[in-house]
Amino acid sequence: MASAATTKGATSRGPLNMILFYVFLAFFVLVSMFPLLWVFRMSIVTKADLLTSPTVTLTAPPVVESYKTVFGNPDFIQALVNSVIVSGSTTVICLFFGSICAYAIARLRFRFKSPIMTLILAISFFPAVAIIAPLFIQFSAVGVIDTYWAMIIPDTVFALPLTIWILVAFFRELPADLEEAAKVDGATTIQAFRKVIVPLAAPGVFTTAILTFIFAWNEFLFANTFIFTAAHYPVTVAIPNFATVYTTDYGAQSAGAVVVTIPLVILVLIFQRRIVSGLTAGAVKG
Amino acid sequence: MTSATSEKKRRGGWFREEFGNPERRLAYYMVLPAVLIIVIIAFFPIAYSVVLSVTDSTITGMGSFVGVENYVEMFKNPDFLEGLKNTVIFTVGSVALEFVIGLGVALAVNRAFRGRGLVRAAVLVPWAFPTVISAVMWRLMFQDPIGIINETANALGIISQPILSDATLLLIACILVDVWKTMPFMALLLLAGLQTIPGEVYEAARVDGANVMQRFFRITLPLLKGTILVAVLFRTLDAYRVYDLFWVLSSEQLESLSTFVFKSVRISQLLFAQGNAAAVFIFVTAFIIALIFIRIFGMQTGTEE
């Protein structure tokens with residue numbers, strides 16, 4: 001991966017070329033980060049300064065008023081808790097079913113592998129909005145409407161393809177001879193999976209867990225459709241509602257948005273290398 | 001897929017062969033739970049949606065058969081047509097911009113340089129944001145009078161009215177926010193594809209006297225075709241079902257196909273059956289888009305090594 005880039009990078013480029021390149025990179029990084037930086041700035045100025053003008057916003061002394069407002073709101077804290085529970089449960093369920101399924105696809109031979117993989121992949125292209133009405137009726141019938149399950153169940157279905165797809169790519173990279181050796185020593189397929197593959201695949205599984213968690217954390221449509229009680233809202237529903245709760249208190253709205261993105265930004269910064277390898281695994285096959 | 005079916009017809013004993021072999025049987029047991037979950041929660045409801053769309057059902061009870069009446073009404077509904085128009089403009093506009101800019105960025109950064117980590121982080125941060133939260137952030141920046149973008153655009157004379165109260169400006173804003181959020185991701189996928197092209201191919205072409213443009217159109221694009229198709233199809237279907245961004249950025253004003261379905265089945269329940277017709281419409285058209293990519297552009301969906 002890096003070697004191809006290095007050979008091309010090594011071909012002579014003038015200093016002006018290099019300067020332009022870094023100017024371009026700086027611009028790119030700035031544009032990507034700008035909304036987060038600016039909204040963070042908006043979250044640490046007083047209401048009066050914020051309403052004066054964007055220039056005043058930029059130079060005003062920092063205050064923590066807005067963070068006191070949002071953390072003083074029990075619904076906001078509850079929404080954070082709800083999001084953690086829903087995304088955490090979705091991740092665990094997806095990894096359980098996903099790793100079993102992915103192992104079979106990556107390692108065992110069977111006839112209908114290709115149609116099954118196509119079926120699973122089809123879900124990631126599936127417009128989720130097409131099934132909200134039937135699911136609403138069914139969830140009401142079985143009594144899970146307006147509960148965590150009304151989010152966890154559909155989130156699991158739509159995150160599973162991602163989970164399986166990435167895990168298959170990771171499982172395929174593991175050396176096959178180790179399992180063969182385990183089987184020669186008398187281990188069953190299940191034992192080979194549990195004792196050999198699972199520990200070896202731990203880094204890949206961990207990466208998949210991060211991606212699944214982010215996916216579930218960001219889900220909005222199902223939560224907005226199936227949840228009516230404010231106390232059950234995840235952050236993705238609670239934060240946009242701040243516009244009606246706090247109306248012109250833009251500082252509080254900014255603070256809410258910043259608090260929700262901080263865990264994701266930290267995850268991304270720590271695990272960026274793994275995330276990139278997970279995302280591009282399977283998507284690009286040489 | 002087709003070869004498997006024809007083979008099945010030729011050899012009657014495949015069932016015994018598949019399930020008589022313990023390893024293969026185990027494989028089926030292992031994939032079954034995930035497949036069942038997907039079929040029950042996603043494919044069964046689609047069939048249910050189709051049924052609902054040809055009846056006068058409400059959210060509380062099954063109605064009687066009315067044929068295609070809901071579809072006819074839907075195509076006469078100005079809200080639906082507005083949603084369709086906005087969705088098509090949004091999809092074409094955002095995917096085209098994301099592809100062109102993303103490819104440019106991928107080509108530019110396909111080399112060794114200092115600060116790769118920083119650039120990678122800058123790529124991933126917008127991608128990892130929940131769409132609704134990025135919509136909230138941009139809405140705050142577009143907000144009149146406190147938003148920096150609204151203020152700047154006003155000062156430069158680009159806009160004459162607040163961005164958030166004009167339908168055309170809102171649609172443009174949605175496209176730009178989507179480009180901001182997903183173009184880096186597109187660039188990342190294309191970069192991974194570029195890095196699988198061996199450097200020697202370019203060297204050989206250079207020796208043969210091919211110029212930059214020739215190398216791009218004769219080598220890069222053809223070799224990158226597979227990656228491009230996957231990335232563009234994925235983004236197209238994602239943009240086509242746009243809901244979060246429109247809903248939050250425009251404060252529920254701007255209509256897309258998905259917001260039309262949501263409003264019909266969840267908010268004004270008088271349009272429940274028509275909303276289901278629109279849901280089926282989205283599903284079928286998304287399916288057609290995917291087929292076009294696979295059949296006409298010859299995209300590879302096979303997962304065999």
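Two residues are taken to be in contact if their C-beta atoms, placed from the backbone, lie within 7 Å. The structure is a predicted model, in which local features need pLDDT of at least 70 and side-chain atom pairs count only at pLDDT 80 or more, whereas totals for chains, interfaces and linings use all residues. Residues are numbered from 1 along each chain as its sequence is written, and chains are lettered from A and ligands numbered from 1 in the order in which they are written.

Leaving aside neighbours within four places in sequence, B:L190 is in contact with B:G102, B:L103, B:A106, B:L224, B:T227, B:I228 and B:A231. B:L190 is also listed with A:V129, B:C174 and B:A278 as having the most contacts inside the largest nonpolar core, a set of 171 residues. Such a core comprises buried Ala, Val, Leu, Ile, Met, Phe, Trp, Tyr and Cys residues joined through C-beta atoms within 7 Å, a residue being buried if 20 or more other C-beta atoms lie within 10 Å of its own, exposed if 12 or fewer, and partly exposed in between.

Positive phi values occur at B:S251, near 50°, and at B:E252, near 70°. Most residues other than glycine have a negative phi. B:S251 counts as partly exposed because it has 15 C-beta neighbours inside 10 Å, and B:E252 is partly exposed with 14 other C-beta atoms within 10 Å.
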